[in-house]
Amino acid sequence: MVSTFYYLESPDGNRVVNWFLSRNPAPERIELAGRELCYFRDLGSLVKGADGGIDVRQSPLVSIIPPRLTNECLITMGEVHFLASNDLLKTVTNAFRRWLKMPDTSSEILPMKDDFGYFLEGEIKNITTEIHALPSGRMELESGRYFISDADAQRDQTALCKQLRLRGVACS
């Protein structure tokens, strides 16, 4: 079952990645171009697709895009993608969902209803109705930091930086 979770965390935070790596047995960690893959070997083999690459829909992989700082003032929203379209990762997905819902783990941010929605820029408000703010992410929000999606961070930020400079934010 394909599932995606979105979270806010400081760029130097590692709680989400560490949660996955603390699983027993621990997944194999594969760092790949701005994201991390967790391969749960105990749940199955990597399946090759027709193109010879890994078929992420049939393999026990979790893709994590950790938050990072961009333009000296924007933090990207973290993303966790459970990619398998079958039930290979169902137990891990449910455990992660329960962990996120624990009061000491995160608080829920509703982009269109929460006061902190002001600090969410770009497509974040359109791609999800539920974002989990981990304690370090909540602190970033409370200090006035702005968050954008990873996809937005890969686009030209000139217009957004101009808009933020009008609000008094130093954005380059």
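Where is Asn 71 found? Asn 71 sits in the loop between strand 5 (69-70) and strand 6. The sections below place that loop in the whole fold.

## Basis of the model

This is a predicted model, in which local features need pLDDT of at least 70, side-chain atom pairs count only at pLDDT 80 or more, and totals for chains, interfaces and linings use all residues. Residues are numbered from 1 along each chain as its sequence is written, and side-chain values use heavy atoms, with hydrogens and water left out.

## Overall build

The protein has 6 helices and 10 strands. Both are DSSP runs numbered from the N terminus: helices are H or I with at least four residues, strands are E with at least two. The C-alpha trace spans about 50 × 40 × 25 Å along its principal axes. The radius of gyration is 17 Å, close to the 16 Å that the globule rule gives for 172 residues, so the protein is as compact as a globular protein of that length. That radius is taken over C-alpha atoms, and the rule is 2.2 Å times the number of residues to the power 0.38.

Buried residues make up 45% of the 172 residues. Buried means under 20% relative accessible area, exposed means over 50%, and partly exposed lies in between (1.4 Å probe, protein chains only). The protein exposes about 9,000 Å², and carbon and sulfur atoms supply 50% of it. These areas come from the Shrake-Rupley method with a 1.4 Å probe; for residues, only the protein chains shown count as cover. Among contacts between residues at least 6 apart in sequence, 64% join residues at least 24 apart. A contact means heavy atoms within 4.5 Å.

An open sheet holds 7 strands in the order 2-3-4-7-1-9-8, with mixed pairing. Strand 2 and strand 8 (107-109) stand at the edges with a single partner strand each, so one side of each has no neighbour in the sheet. Neighbouring strands are turned by 25° against each other on average, direction ignored. Two strands pair if DSSP finds at least two bridges between them. Strands of a sheet pair through backbone hydrogen bonds, either parallel or antiparallel.

Strand 2 (residues 28-32) and strand 3 (residues 35-39) run antiparallel, joined by 5 bridges. Arg 29 has Cys 38 as its bridge partner in strand 3. The hairpin of these strands has 2 residues between them, and Ala 33 there takes a positive phi near 40°. Strand 3 also runs antiparallel to strand 4 (residues 61-65), with 4 bridges. Here Cys 38 stands opposite Val 62.

## Helices on the sheet

Helix 2 (residues 90-101) lies across strand 1, strand 7 (78-82), strand 8 and strand 9. Helix 2 runs at about 25° to strand 1. Axes are lines fitted to C-alpha atoms, for helices over the stretch in contact, and angles run from 0 to 180 degrees between N-to-C directions. Helix 4 (residues 135-142) packs on the sheet and touches strand 1, strand 8 and strand 9. The direction of helix 4 makes about 50° with that of strand 8.

## Two nonpolar cores

A nonpolar core is a set of buried Ala, Val, Leu, Ile, Met, Phe, Trp, Tyr and Cys residues joined through side-chain atoms within 4.5 Å. The largest has 23 residues; Leu 8, Leu 74, Ile 109, Ile 131 and Leu 164 have the most contacts inside it. At least two residues of this core come from each of strand 1 (3-8), strand 6 (74-76), strand 9 (131-133), strand 10 (146-148) and helix 6 (158-166). Another core, of 20 residues, lies apart from it, and Cys 38, Val 62, Ala 84 and Val 92 are among its residues.

Not counting residues up to four places away in sequence, Leu 8 touches several residues, including Met 77, Ile 109, Leu 120 and Phe 147.

An open sheet of 3 strands has the order 5-6-10, with mixed pairing. Strand 5 and strand 10 are its edge strands, each pairing on one side only. Strand 5 and strand 6 run antiparallel, joined by 2 bridges. Leu 69 stands opposite Ile 75 in strand 6.

Most residues other than glycine have a negative phi, and most peptide bonds are trans. Asn 71 has a positive phi of about 55° although it is not a glycine. Glu 72 lies in the loop between strand 5 and strand 6, and its phi is also positive, near 65°. Glu 72 is exposed, with a relative accessible area of 63%.

## A cis bond

The peptide bond from Asn 24 to Pro 25 is cis, with omega near 0°. Pro 25 is in the loop between helix 1 (15-21) and strand 2. Asp 42 and Asn 24 are 18 residues apart in sequence and 9.8 Å apart in space, C-alpha to C-alpha.
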